[in-house]
Amino acid sequence: CTPVYNSVPVDTILNAQDYWGYYNGAYSNASKVPTIRVYADNAAVETYKLYQIPGYSNPNPEVSLTYQNTVNRNATTNASDGSLKRIAYPLGGITELEYEPNTFFDKDVNGVVTGGGIRIKKITNNDGLNTNEVATYTYNDPATGITTGRAISVPVFTIGFPHTNTYGTLIDKIKNSVYRTDYDLGSESKDILYGKVTVTRAGAG
């Protein structure tokens, strides 16, 4: 067999990484310290989040902690770079694999967000006689159309530390009460698990 891989960028080991550490194509990043959204004094949502909560309303507003405005650590389709793309068999058959980013439901955002890593989107098998067998994979709940993906945990880049100093604004207090880093401090698995996967084969349903 002859394997073929998606192209591997030369800057993979630099700052072009998403929150999960996968390549995201943002090679202009000056660092890896991400923007953190802080939702203070609201037990209903996580205090520190990677994703913005749309339409957030609370006596204390969202505070964004940005280290450098150019840093982009969002997950993108570039995460598939370097992954297996094609297998050519000695007798002429070919298998091609197509990927897409993982997604999961965030209860605070009340919507679907893009997670780290990739999942299979489509597998095409060709028998060498121009006959294709195509299998397409979907990860949404057929009843709701929403992803069944759930993240065991998400990367953690912040540590809050209490102190008794007085600051004039909530923003100043938060900025002086939160330590941020460019690497994941969490110890839990970052896998994204799916409750339902539907496989559709061309001509077979």
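**Burial, salt bridges and a surface patch**

Student: Why is Lys49 called buried?

Tutor: Lys49 has a relative accessible area of 4%. Buried means under 20%, exposed over 50%, and partly exposed in between (1.4 Å probe, protein chains only). So Lys49 counts as buried. This is a predicted model: local features need pLDDT of at least 70, side-chain atom pairs count only at pLDDT 80 or more, and totals for chains, interfaces and linings use all residues. Residues are numbered from 1 along each chain as its sequence is written, and side-chain values use heavy atoms, with hydrogens and water left out.

Student: What makes Glu46 and Lys49 a salt bridge?

Tutor: Their closest N and O atoms are 3.6 Å apart. A salt bridge needs a side-chain nitrogen of Lys or Arg within 4 Å of a carboxyl oxygen of Asp or Glu. The pair therefore qualifies. Glu46 is partly exposed, at 38%.

Student: How do you know that Asp184 and Lys190 form one?

Tutor: Their N to O distance is 3.0 Å, so the pair meets that definition. Lys190 is buried at 18%, whereas Asp184 is partly exposed at 28%. Elsewhere, salt bridges with shared partners join Glu46, Lys49, Asp106, Lys107 and Asp108 into one network.
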